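Visitor: Please take me slowly through one part of this model, the pockets and their linings, and explain the terms as you go.

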Amino acid sequence: MEALIVVDVQNDFIAGGALAVPGGDAVILLVNRLQAKFQLIAATRDWHPPDHGSFAANHPGKHPGDLIELGGLKQTLWPVHCVQNTLGADFAPGLNRNCWDKVVLKGTDANIDSYSGFYDNGHRKATGLGEYLRRKGVSTVFVAGLATDYCVKFTALDARALGFATLVVRDCCRGVDLNPGDVEGAIHEMRTAGVAIVDSADLGKPL
Ligand code: VGL
Ligand code: ZN
């Protein structure tokens, strides 16, 4: 059984959003097309409380891009984004949600960030996505969405570590590239961990 995980395709990560990922809008159509090839689809949703520790604004004198320690972990600081029950946390307009079987909220604990859809960044708490996929008999997981070098990467790495055959559909993802080369580095890191990098055109299941 195969499943698709659609990562964080939310307003704050597309044009006009607080943490807009370059080219992020393009994934809406691409993910819609990709979704048609799957029987089981889970989506992740970045869902932060207003006092979240990853927001630079919650650390006087700090700025987005700065590195701090949060809950004993290194934490990159971000603009305020994906605050619970705000427009920025809504899924992107035009994204087809009708076919989704599960939505996983992440980043809900103010004291720790959660890039992966499976665990927080300290691997302290599971979201339940891993158990859900196992219960559904999933052995192979495809990952697409935003952002390649953060939430897509960590979701794919955790999926692989949990024993799922894991493929990232590269053309259906876009990255932040905070430092140029971050996306390439993320691709390399995922490949090294046993994650396959594929393109949607090569999936062998034409529409
Ligand atoms: C993300 C930074 C902060 C992501 C989420 O979805 O990749 N990046 N929160
Ligand atoms: Zn976030």
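**The pockets and their linings**

Guide: In this predicted model, the second largest pocket holds about 230 Å³ of space, where a pocket is an open set of points on a 1 Å grid over the protein atoms alone that a 1.4 Å probe fits, with protein on both sides within 12 Å along at least five of seven lines, and its volume is the space filled by probe spheres set on points joined across faces, edges and corners. It is lined by 13 residues (each with an atom within 4 Å of a point), and those closest to its centre are T108, D109, I112, D120 and K125. By class, this lining has four nonpolar, four polar and five charged residues (Ala, Val, Leu, Ile, Met, Phe, Trp, Tyr, Cys and Pro count as nonpolar, Asp, Glu, Lys and Arg as charged, the others, Gly among them, as polar).

Helix α3 supplies the largest share, five residues, while the lining of the largest pocket as a whole divides into six nonpolar, six polar and seven charged residues.

Residues are numbered from 1 along each chain as its sequence is written, with chains lettered from A and ligands numbered from 1 in written order. Local features need pLDDT of at least 70 and side-chain atom pairs 80 or more, whereas totals for chains, interfaces and linings use all residues, and side-chain values use heavy atoms, leaving out hydrogens and water.

How values were computed. Helices (H or I, at least four residues) and strands (E, at least two) are DSSP runs, numbered from the N terminus.
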